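Okay, everyone, thanks for coming.

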Amino acid sequence: MELVECPTRQLKLTEAGCAALWKSTRIRPPQAWEGRQACRGCALGAMRAGVAPEKAATPPMRVARICVRCHKQAERVIQNRLCISCYNREGEARRGRDRNGHRPVLADQLYTDSIDVHNSSRSYTVTSTVLNRSELMLQALHTATENLWFTARRRLNIPVPGLQLSLPL
Ligand SMILES: [Zn+2]
């Protein structure tokens, strides 16, 4: 049986075994303690699995659990975007009142924006209420299974319902 090198994990295995490990990370993402962690997004594994490099990229581990606004890991990510805390703060901003009855600073900072997202097979638009465009990119990465490209239009400055905005262009 012919074995091939895995330089990352410093072991030898069959080419089919390497390909199977790489494929398994796309079906069942590895936990932090698993050796398969090294297989995730591995270009060599992708090549051995017969997948083109541009289709082989994998979002960083658990990116789907990162809040697009505060970048903290969250057990629950609401609307594919926000941790519970940021979701609640956004709710207060939309109402224009925090629990103490004050106008939240966030109420004057949020706006609705869009970004066009492209992968190798299609293009689509992500639109959300954001503090900045990086939130849109991170939101798109939450569900990405391959490399993405982003193109931005001119900032729209669509006000969020209930919010009064004074934004620079
Ligand atoms: Zn958050």
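Predicted model: local features only at pLDDT ≥ 70, side-chain atom pairs only at ≥ 80, totals over all residues.

Gln10 isn't a glycine, yet its phi is positive, near 55 degrees. Is Gln10 buried or exposed? It counts as exposed, because it has 8 C-beta neighbours inside 10 Å.

Now hop along to the loop between α2 (43-48) and α3, and look at His71. That's another non-glycine residue with a positive phi, here near 65 degrees. His71 has 12 C-beta neighbours inside 10 Å, so it counts as exposed too; the cut-off for exposed is 12 or fewer.

Okay, on to α3 itself, residues 84-95. This helix has 12 residues and reaches 17 Å from first C-alpha to last, close to the 16 Å you'd expect at 1.5 Å a residue. Which residues of α3 are buried? Those are Cys86, Arg89, Glu90 and Ala93. Down the axis of α3 they fall within an arc of 100 degrees, so they line one face of the helix. Remember, an α-helix has 3.6 residues a turn, so residues three or four places apart point the same way. Part of what covers the buried residues of α3 is β4 (123-130). And just after α3, Gly96 takes a positive phi of about 80 degrees.

Zooming out, the protein chain has four helices and five strands, running β-β-α-α-α-β-β-α-β from the N terminus. Of its 169 residues, 24% are buried.

Technical notes
Residues numbered from 1 in each chain as written. Helix = DSSP H or I, 4+ residues; strand = E, 2+ residues; numbered from the N terminus. Buried ≥ 20, exposed ≤ 12 C-beta atoms within 10 Å, placed from the backbone. Expected span 1.5 Å × (residues − 1). Arc of directions from axis to C-beta. Contact = placed C-beta atoms within 7 Å.
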